[in-house]
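Let's walk through this one together, a question at a time. Have a look at the model first.

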Amino acid sequence: MVRLVDIGSACRRRGYGQPERERSHAETRTSRVVAEQDVGEVAGGLHEDVVQPLRQVEVVRLVARLDVQGQRSRAGVGDAQPPPAATRQCEEHEAKGDPRRRILVPESAHGTNPATAAACGYEVEAISADADGRVDLDHFRAQLGPDVAGTMITNPNTCGLFERDIVAIAEAIHEVGGYFYCDGANFNAIVGRVRPGDLGIDCMHINLHKTFSTPHGGGGPGSGPVTLSAALAPFAPLPYVVHGKDGFGLVEHQGDARGHGQPLGRLKGFHGQMGMFIRALAYMMSHGADGLRQASGDAVLNANYLMASLGDLLTPAFPGPCMHEVLFDDRFLKDTGVSTLDFAKAMIDEGYHPMTMYFPLVVHGALLMEPTESESRESLDQFIAVVRGLAERAKAGDAAAFQAAPMLTPRRRLDETAAARRPVLRWRPEEPREQAAE
Ligand SMILES: Cc1ncc(COP(=O)(O)O)c(C=O)c1O
């Protein structure tokens with residue numbers, strides 16, 4: 001049977017020049033000798049033809065092998081499968097086929113978590129946050145029972161806080177026979193420092209675009225390899241990489257599974273986003289284990305630097321240090337006539353893409369700032385000066401200016417409801433002047 005590899009050549013056919021970009025990315029980012037050799041080999045593989053029997057497409061196996069090994073060792077869980085594209089698809093993978101009905105999800109969760117559980121037919125039960133912004137352990141324990149299939153938790157959570165009770169949570173869910181799914185969207189805060197498998201997590205997706213520098217959304221296709229504990233590994237989606245006495249191999253069909261393997265089938269066409277695996281792999285190899293550890297340390301340091309520098313003027317949602325993102329609520333805007341939305345729009349006039357707003361929902365008027373590891377001290381200071389300046393202006397009674405922002409963009413304040421309901425997804429040239437004047 002002939003299969004297609006949905007990257008490289010397919011893009012080349014559409015004329016996007018993607019393979020060249022991927023190749024140069026792999027080559028330029030790879031500074032270490034050991035990495036250069038492997039990644040060079042991988043990048044070269046991108047030029048194989050698009051229509052080729054899978055077993056001849058060595059690059060697929062090589063990348064899968066290297067990528068899986070890297071993620072597995074960083075996640076500390078039993079196995080890793082590359083194909084899924086993003087959070088929702090990864091989450092489905094644990095949820096399918098379990099007769100238990102309830103999934104416990106913290107109320108601070110990203111919408112993808114309850115949406116996935118509900119889409120798979122589960123009843124979603126919200127777990128409250130405690131005063132510190134973490135899962136309320138007592139409430140969690142009180143909701144447990146034999147009909148609980150599992151829990152879906154993000155760590156660090158969406159408030160930018162490490163779930164202090166995560167080991168107790170894992171033990172509690174396992175005691176009732178449930179599984180622990182971790183939303184790995186915030187893995188960039190802990191990569192190289194904490195192995196999720198050691199925390200008792202059974203399944204975690206790793207959004208390559210969050211932790212391993214691949215593009216996402218408008219920048220390119222998402223990819224979220226799944227890591228599984230030994231308990232769940234037999235149900236891994238196809239295709240997956242196995243390691244035995246004959247070395248590495250690829251299980252492509254359900255009938256090929258060995259031992260107790262009962263793969264649940266395919267979640268994604270072909271082999272997933274191969275270009276994303278290559279980028280992620282190049283990033284991992286060029287940084288090395290110490291570099292990745294440094295990246296998570298820098299991300300956390302940068303977020304805390306923002307918190308320390310803005311905390312006296314803005315209102316941090318929770319006390320104490322944060323992880324890779326710092327969460328403010330809108331108490332600092334009380335009685336100013338300026339909303340979180342106005343504040344964000346004013347940031348556009350200052351040349352900044354606004355931070356995440358109104359999420360997570362557990363905080364009123366949330367402003368969630370995630371500087372990442374790549375910002376320098378200078379760029380953080382510049383950002384801090386701008387945010388402080390805006391906060392001072394808001395408090396000084398400049399509400400009208402905020403409400404009119406942005407003033408300096410080609411399009412001013414949009415009607416967001418109309419934009420959401422009637423999106424204009426295609427650029428059209430301006431009408432000629434005479435016509436426009438008529
Ligand atoms: C905690 C969390 N989970 C899930 C997602 C969605 O991830 P993806 O874009 O990979 O679907 C996000 C996105 O920001 C997130 O922050």
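Q: Is T372 exposed, partly exposed or buried?
A: This is a predicted model, where local features need pLDDT of at least 70, side-chain atom pairs count only at pLDDT 80 or more, and totals for chains, interfaces and linings use all residues. Residues are numbered from 1 along each chain as its sequence is written. A residue is buried if 20 or more other C-beta atoms (placed from the backbone) lie within 10 Å of its own, exposed if 12 or fewer, and partly exposed in between. T372 has 15 C-beta neighbours inside 10 Å, so T372 is partly exposed.

Q: Where is T372?
A: Helices (H or I, at least four residues) and strands (E, at least two) are DSSP runs, numbered from the N terminus. T372 has a positive phi near 65° and isn't a glycine. Its place is the loop between β15 and α12 (377–395).

Q: Is S213 buried or exposed?
A: S213 sits in the loop between α9 (208–211) and β9 (226–228). Its phi is positive too, near 70°. With 21 C-beta neighbours inside 10 Å, S213 counts as buried.

Q: Which loop holds P360?
A: The peptide bond from F359 to P360 is cis, with omega near 0°. Most peptide bonds are trans. As for P360, look in the loop between β14 (356–357) and β15 (367–369).

Q: How many helices and strands does the chain have?
A: The chain has 438 residues, and buried ones make up 43% of them. Its secondary structure comes to 15 helices and 15 strands.
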